[in-house]
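Hi there,

Here is the structure I promised to pass on. Have a look first, and my notes follow below.

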Amino acid sequence: MEYEIKPADKLSLNLKELWEYKELFYFFTWRDIKVKYKQTVLGFAWAILQPALMMVVFTFLFGKAIGAQSHISMPYPVFVYTGLMLWGIFSGGLQASGNSMVANANIIKKIYFPRLIIPLSSILVSVFDFLMTIIPFIGLLLYYQTNVDWLRLFIFFPLSFIIILLTTFGIGTFLAALNVKYRDFRYVLPFMIQFLMFATPVIYPATIVTDERIKFLLSLNPLSSAIAIFRSIFEPLPIDYNALGLGLAMSAFFLLIGIYYFRKTEAYFADLA
C-alpha cells in the first residue's frame, strides 16, 4: 500500500487525516497532562486550587473596589468563578499551544504526522483542567443557592464552550507557527495573556463600562460573548444576540486566520524548529 504525503489546503483542518491519527491525540494529551503535574505534591488538585484561590483573591481585593456587586444579581464569588473557568481554557490553552511546536521540535524533525495535532492536544490539557474546576463550582452553586436555568444550560453552555475552543485554537495555532520563526513570542505571550484578561470581563461585569468605544472593542472579543452567555445560565438577564453573533463570527475569523498561517508555514517547521 502506498501513501502520498502532500500539503493540505491552507484553510482545511483535514479532519479525515486527523481522525486517522486519533491515538496520537491521546498520547500527546496524556503525556502533557502527566508532565504538567509530575512531581507535584497536590497533583491534579492544582487544576482546582488555582481558580479557587484566584476567586478568593479577586473577591476580597476587587469585589467591592470596582463596585461589581451593584451591577450583577448573582453572588460575586460565583460571578468571578464562572469567568475564571472559561478563562482558564483560553489562557492555559494559549500558553501551551503557543510554545508547543518549539517544545516538540525533536519529534517534528523525525517523523511525519499532522502537525495540527500538537497545538490541539496542548489545548485539550486546559480542557482537562476545566473539567476539574466543575467539581468545586457545583459546591459553590449549592453554597450560595444559585438558581440554574436548565434550558439555557443545555443551549448556551455548549455554545460558550465552542466559542472558547475555536478562539483558543485559532490564536494558538497562529502563535505556534509564529513562535517557530520568531522566538521572541515566547516572552511576549505571558504579557499578552495578562493584558487580555483585563480586556475581558472576567472579574468585572461588562455593564460597568460606559464608554461606547470601549464597549465596541469588548464586543470584538469573542471571549466576552462566551463568558456572558455562560453567566446567563445563573443570572436571569436578557441575551444580547447581536453580541453573541459577533462573538461567533470573530471566533470563526480567528480560527481561519490561525489555520491559514499554520498551513502556510508548516512545510518549514522541521527546518526552523
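Which side chain meets R31 in a salt bridge? That partner is D32, with N and O 2.9 Å apart. A salt bridge here is a side-chain nitrogen of Lys or Arg within 4 Å of a carboxyl oxygen of Asp or Glu.

Before going on, a word on the source: this is a predicted model, where local features need pLDDT of at least 70, side-chain atom pairs count only at pLDDT 80 or more, and totals for chains, interfaces and linings use all residues. Residues are numbered from 1 along each chain as its sequence is written, and side-chain values use heavy atoms, leaving out hydrogens and water.

By the salt-bridge rule, the count is two. The other pair is R152 with D149, whose closest N and O atoms are 3.9 Å apart. As for burial (buried is under 20% relative accessible area, exposed over 50%, partly exposed in between, with a 1.4 Å probe and protein chains only), R31 is partly exposed at 22%, while D32 is buried at 18%. In the second pair, R152 is buried at 18% and D149 is partly exposed at 33%.

There is also a helix pair to look at. Helices are DSSP runs of H or I, at least four residues, numbered from the N terminus; helix 7 covers residues 117–143 and helix 8 covers residues 150–181.

Happy browsing!

How values were computed: Axes are lines fitted to C-alpha atoms, for helices over the stretch in contact, and angles run from 0 to 180 degrees between N-to-C directions. Helices (H or I, at least four residues) and strands (E, at least two) are DSSP runs, numbered from the N terminus.
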